[in-house]
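Hi,

Here is the structure I promised to pass on. Have a look at it first, and then read on for what turned up.

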Amino acid sequence: MRLLFVGDVVGNIGIKTVETYLKQLKSELSPQLTIVNGENANGGKGIKEEDFKRILNSGADLVTSGNHIWDKREVLDFIDDTTNMLRPLNYPGDVPGHGFKTINVNGQKVTVLNLQGTAMMQPIDNPFYAFDDLYKEHSDEWIFVDFHAETTSEKIAFGQYVDGRAKAVVGTHTHVQTNDAQTFPKGTAFITDVGMTGSLDGILGVQSQRVIQRFLTQRPSKFDVEEAGRVQINYVVVDINDNKSTIKADYIRS
Ligand SMILES: [Fe+2]
Ligand SMILES: [Fe+2]
């Protein structure tokens, strides 16, 4: 089974880039399942229903997210009503929305799971144990994880921890595609970060001047999405098989 995963969509320019390139990528790569991380779709922070619908209409089957999922309170207007928008499973307490979805792809059950790391991030529930709990009920299914985390070590540690249990783990959140796509010894495909979708000229999708100013002055400055200039769409193609999955990272820049 082939899966296409597109990294963090940042701002309107990011959604437009998905609208421009996703159908082309799907016809070239013929994935059976297409997943897009949309946590930064609305102004760089959060996602509203219209953003979600535009990403689905571009060809995504599922939208995953991360730490910015709650930033636009309008997310609460739709997150309980759809199973195609995932938030990290490991938020504590009674949380709106869904952290995973099990889908039937050509007779094979595939569980797509969104988790969030805790190193240099909010101290939500432990994502490693959250995986263990989910695995108890879903070990017969092919599990794909969007692991949304800040540090390279936590992402690699998680990937190795679930090697042989998840079919693939892809990292998101840091917005820069890493050159370490690989298959771990027990067959789990892994990459530390898929990279982002949106501006190529900004800094992680944000207007450069604001970010540089923050480093020059050590004072907070408002971050706005870079909506002009060149664009990029970073993605991975994962081929999932019974005992070994493979992964290839790629991008389009224009
Ligand atoms: Fe994030
Ligand atoms: Fe992000």
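This is a predicted model: local features need pLDDT of at least 70, side-chain atom pairs count only at pLDDT 80 or more; totals for chains, interfaces and linings use all residues.

Start with the iron ion (ligand 1). Glu39 (OE), Asn67 (OD1), His148 (NE2) and His173 (ND1) coordinate this ion at 2.1 Å. The angles between these four donor atoms run from 87 to 141°, so the arrangement is irregular. Along the chain, the donor residues follow the spacing E-x27-N-x80-H-x24-H. Two of them come from distant parts of the chain: Glu39 sits in the loop between strand 2 (33-37) and helix 2 (49-57), and His173 in the loop between strand 7 (168-172) and strand 8 (182-183), 134 residues apart. Glu39 counts as buried because its relative accessibility is 1%. His173 is buried too, with a relative accessible area of 13%.

Now for the other metal, the iron ion (ligand 2). Its donors are Asp8 (OD), Glu39 (OE), Asn40 (OD1) and His175 (NE2), at 2.1 to 2.2 Å. This site is irregular as well, with angles of 90 to 166° among its four donor atoms. In sequence the spacing reads D-x30-E-N-x134-H.

Which residue coordinates both iron ions? That is Glu39, and the two ions are 3.5 Å apart. Glu39 is in the loop between strand 2 and helix 2 while His175 is in the loop between strand 7 and strand 8, so this pair ties together parts that are 136 residues apart in sequence. At 10% relative accessibility, His175 counts as buried.

On to the charged pairs. How many salt bridges does a search of the whole structure find? There are eleven, and here are some of them.

- Arg2 and Asp239 form a salt bridge whose closest N and O atoms are 2.9 Å apart. The pair links distant parts of the chain, with Arg2 in strand 1 (residues 2-6) and Asp239 in strand 11 (residues 231-239), 237 residues apart. Arg2 counts as partly exposed at 26% relative accessibility, and so does Asp239 at 22%.
- Asp132 pairs with Arg165 in a salt bridge, again with 2.9 Å between the closest N and O atoms. Asp132 is in helix 3 (residues 127-138) and Arg165 in the loop between helix 4 (152-161) and strand 7, 33 residues apart. Here Asp132 is buried, at a relative accessible area of 17%, whereas Arg165 is partly exposed at 22% relative accessibility.
- Lys248 forms a salt bridge with Asp250, and their closest N and O atoms are 3.5 Å apart. Lys248 is exposed, with a relative accessible area of 52%, while Asp250 counts as partly exposed at 28%.
- Arg210, Lys222 and Asp224 are joined in a network of salt bridges.

Last, the surface. Val176, Ile203, Leu204, Ile212 and Leu216 make up a nonpolar patch there, with about 430 Å² of accessible area together. One of these residues, Ile203, lies in the loop between strand 10 (197-199) and helix 5 (208-217). Its relative accessibility of 30% makes Ile203 partly exposed.

Cheers

Technical notes. Residues are numbered from 1 along each chain as its sequence is written. Chains are lettered from A and ligands numbered from 1 in the order in which they are written. Side-chain values use heavy atoms; hydrogens and water are left out. Patches are made of residues with over 30% relative accessible area and no salt bridge: like charges are joined within 9 Å, nonpolar side chains (Val, Leu, Ile, Met, Phe, Trp, Tyr) within 5 Å. Accessible areas come from the Shrake-Rupley method with a 1.4 Å probe; for residues, only the protein chains shown count as cover. A salt bridge is a side-chain nitrogen of Lys or Arg within 4 Å of a carboxyl oxygen of Asp or Glu. Helices (H or I, at least four residues) and strands (E, at least two) are DSSP runs, numbered from the N terminus. Buried means under 20% relative accessible area, exposed over 50%, partly exposed in between (1.4 Å probe, protein chains only). Donors are N, O and S atoms within 2.8 Å of the metal (3.2 Å for Na, K and Ca); water is not among the atoms, so sites may look incomplete. Four donors count as tetrahedral if all angles lie between 85 and 135 degrees; four count as square planar and six as octahedral if opposite donors are over 155 degrees apart and all others between 65 and 115; anything else is irregular.
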